[in-house]
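Here is a short report on a protein chain. It takes up a strand residue, then aromatic rings, pockets and backbone angles.

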Amino acid sequence: MRKVSAMIRFILVVFLPILFVSYPLQSIDNNDTLTLSKAIEFALENNTVIKEAINAREKAWYEYKSANASRFPELLASYSYTKLKDAPVAVFSGMEFTVGGEESYTYNVTIKQPLFTGYALKTRVKVAELGINIKDIEKKMAVLDVIKNVKIAYYNILLAQKYLNIAHEEVTQLEAHLSDARSLYNEGIIAYNDLLKSEVALSYASQNQRKSESNLKMAVSYLNILLHQDIDKELIVEDILKLTPAKYELVSLINKAIKNRPEIKIIESYIKQSELSAKLVKSSFYPQIFLFGTYKQTGDNFKATNYDFGRFYDSIIGVEAKWILFDWGKRKAEIDKCQYDKLALQEKVNSITDNIKLEVKDAYLNLSVAEDNISIAKKSLTQAEENFRITNLQYQQQATTSTEVIDARTFLTRAEMNYYNALYGYLISQAELERATASEF
């Protein structure tokens, strides 16, 4: 027995806490390089919006089960105790007869099966089925939104990293320029204000570098939120520099969006629900017929097993019919309400369709502009790099001023930023186009 007790204590100490421990969320290893596909996969498993949609779908499933269960027999039970001031009596030929006791205990069990409800139960089941379908579509919409947001957040991290690299490069080059300027000033070759210009330019570049560091941290934090992990977690993301632009045809994209967009399918399901709601109201014009069976016991004790004034038990079987004959036009008003609800939803489909067309066209045009900008920005970057190289050499040979060097570095910074804006802007526009057409390319 002592061995058994020791074994039980061991199990309780070792395994019982495991049942109640709150496990931390799965997290990406700090040393792992995060790819875009891995980020999307991780977000779809952990994002709170996805989990919310899954739970909403489960709720709709149990609403369906509840509606479907109403088609089957219902078992009811009741128990009551009654205390009268005086025993009940009946008068016959001027004489009073006691027909019951002052105290009575009654319980009954009833089983009730709907036979005909004017198709109300069947209609409620169909409404619940549509509710499941709506939640499935909403989950798909949540998935599309999360994928788009993760892609954009991922690209923004890459863009923020490039901005930080540009800012660091600018600081490094302006520090070198300031060193040259100090040497020339100490030799009395340039004026003091020329040196001040170099110092001010470096100060601005240093401020921009700190701002770029902050922007990168915020971009990482936003992706961490989408992945549902620690907001301050450091991420190493895989860069994307090579693009393979594809050609898209606007009309086919619009047609694809109208066919696939979850928003339209949701409204179409709501239209079907409004039609079923009208049918549900119309079902009340028919009688509601139920088959029931009841077993009843009444007695003068707690178990209701004794009754001095007659048989203490009874069994009943019967058919019950309910029919609403007049309700001051309430049902007609509800049917009209459902009809106008359907018309409003149909107009909403038209409105959403128009907005989708506009959204697809906007994403398509942004993608086209971004694609054109890549080649233009790349050419400008090459020219700006060469301009800065030449200007810096000229300054070292005292063939130009600090102003020219600073301007050349400013042009180079702008050209670098424009290039990466075009590069990652194309990817962001592509993600938006994928969401607009409810598909992935």
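Thr 110 sits in strand β5, residues 103–116. Strands here are DSSP runs of E with at least two residues, helices are runs of H or I with at least four, and both are numbered from the N terminus. This is a predicted model, in which local features need pLDDT of at least 70, side-chain atom pairs count only at pLDDT 80 or more, and totals for chains, interfaces and linings use all residues. Residues are numbered from 1 along each chain as its sequence is written, and side-chain values use heavy atoms, with hydrogens and water left out.

Thr 110 is buried, with a relative accessible area of 13%. Buried means under 20% relative accessible area, exposed over 50%, and partly exposed in between (1.4 Å probe, protein chains only). Which side chain does the side chain of Thr 110 meet in a polar contact? The partner is the side chain of Thr 294, at 2.9 Å. A polar contact is a pair of N or O atoms within 3.5 Å; within protein, one must be able to donate a hydrogen and the other to accept it, and residues adjacent in sequence count only if both atoms are side-chain atoms. Neighbours within four places in sequence aside, Thr 110 is in contact with Glu 74, Leu 75, Leu 76, Phe 292, Gly 293 and Thr 294. Contact means heavy atoms within 4.5 Å.

Next, the aromatic rings. The count comes to 11 aromatic pairs. Rings of Phe, Tyr and Trp (its six-membered ring) pair if their centres lie within 6.5 Å; planes under 30 degrees apart count as stacked, over 60 as edge-to-face and the rest as tilted. Two of the pairs are tabulated.

| Pair | Centre distance | Plane angle | Type |
|---|---|---|---|
| Tyr 81 and Tyr 105 | 4.9 Å | 45° | tilted |
| Tyr 420 and Tyr 424 | 6.3 Å | 20° | stacked |

Tyr 81 lies in strand β2 (residues 74–83) and Tyr 105 in strand β5, so their pair ties together parts that are 24 residues apart in sequence. Tyr 81 is partly exposed at 41% relative accessible area, whereas Tyr 105 is buried at 17%. Tyr 420 and Tyr 424 both belong to helix α9, four residues apart, about one turn of the helix. Both are buried. Tyr 79, Tyr 107 and Phe 302 form one aromatic cluster.

Now the pockets. The largest pocket holds about 190 Å³ of space. A pocket is an open set of points on a 1 Å grid over the protein atoms alone, where a 1.4 Å probe fits, with protein on both sides within 12 Å along at least five of seven lines; lining residues have an atom within 4 Å of a point. Points are joined across faces, edges and corners, and a volume is the space filled by probe spheres set on them. Helix α5 (residues 192–227) gives the most to this lining, with five residues. Among the lining residues are Gln 161, Glu 213, Lys 217 and Asp 232.

The second largest pocket has a volume of about 150 Å³. Elements giving two or more residues to its lining are β5 and α4 (120–186). Its lining includes Arg 71, Pro 114, Phe 116 and Tyr 119.

Ala 304, in the loop between β7 (288–299) and β8 (313–322), has a positive phi near 55°. Ala 304 is buried, at 0% relative accessibility. Gln 398 has a positive phi of about 60°. Gln 398 lies in the loop between α8 (330–396) and α9 (402–436) and is partly exposed at 33%.
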